[in-house]
Amino acid sequence: MTDVAVLTPDPADPSYAGQWPGVLDRLAAALATAGIKARPTPWTDHVDSAHGLMDFPLVLPLIVWGYHRDHEAWMQACATWAEAGAPLANPAEVLRWNSDKRYLARLAEKGVAIPPTIWTDHASPAVVEAAFAATGAEQLIVKPTVSGGAWRTLKVAAGDLLEDVLADAPVGGAMIQPFLPTIATAGETSLLFFGGELSHVVNKRPGHADEFRIQVQYGGRYQRLDQAPEGALALAERTLAAIDEPLLYARIDMVPDADGQWLLMEAELIEPDFYLGAAPEAGARFGRAVADRLGL
């Protein structure tokens, strides 16, 4: 079998200890269908030197969970890997810029529809109050520009005592968007691409009426769809065309607004969950895409 490296979380970070081994098992099973063996290694072991990665024909950063907690080290690692020419998929430069959600503003400039967004260096009560006035929204979402898994993501309502609500607000760069009620009625839809081809579509909804986050740790419910909803594939393809970089995999997350227009929430190009639990048949498609990249 051909060995490839799979980058995993920092062993010193216990946050994901109970979750990532199961994800690794699913990835390993997917790769095994194509005669490829996954070799896990913590990404934090390769921040200052890519030497330990250079013997692999391919490095998959698919479980680098927690990189947002030490973004400076992550940026250093991406620079190290780029300089060494490490065989990253996706490319190290993509891993760098995709780690800061301000890339959404650049995609918007290229014609990709995103929710109305206010970018700020600090989500202070004054800034959030001004965002309510500027948007006319009754509820806002405040989240870090460098984040993962809804970390430090808040829903704020008009009339809230902002000093209290924002006690757990992002430290540093943040983005503020009107809350989209369609997250409850239509959910967030993810289109998964392997080797540039659409593999599968998964819809994700909050677990209960009072929740806005769709991650499994908050009770999110995932369902595979037989096809992309009307208009969703067009937005995903427009997003990938705007990125225009060689991507082995991509997950394009989107939500419809009240008028049914699809809006890009994230282009997940670093360590997206492929939702193989909801779409197990997709594992073999990912294995084939990796094999094709390796020329097997």
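Which residue is the bridge partner of Gln139 in β6? The structure examined is a predicted model, in which local features need pLDDT of at least 70, side-chain atom pairs count only at pLDDT 80 or more, and totals for chains, interfaces and linings use all residues. Residues are numbered from 1 along each chain as its sequence is written, and side-chain values use heavy atoms, without hydrogens and water.

The bridge partner of Gln139 is Ala157. Strand β5 (residues 139-144) runs antiparallel to β6, and four bridges join the two. Strands are DSSP runs of E with at least two residues; helices are runs of H or I with at least four, and both are numbered from the N terminus. Two strands count as paired if DSSP finds at least two bridges between them.

Four strands make up an open, antiparallel sheet, in the order β4-β7-β5-β6. On average, neighbouring strands are turned by 25° against each other, direction ignored. Helix α5 (residues 125-135) packs on the sheet and touches β4, β5, β6 and β7 (174-178). The direction of α5 makes about 135° with that of β5. Angles run from 0 to 180 degrees between N-to-C directions, with axes fitted to C-alpha atoms, for helices over the stretch in contact. Contact means heavy atoms within 4.5 Å.

Leu60 is in contact with Val4, Ala5, Val6, Leu7, Leu31, Ala89, Leu248 and Phe286, leaving aside neighbours within four places in sequence.
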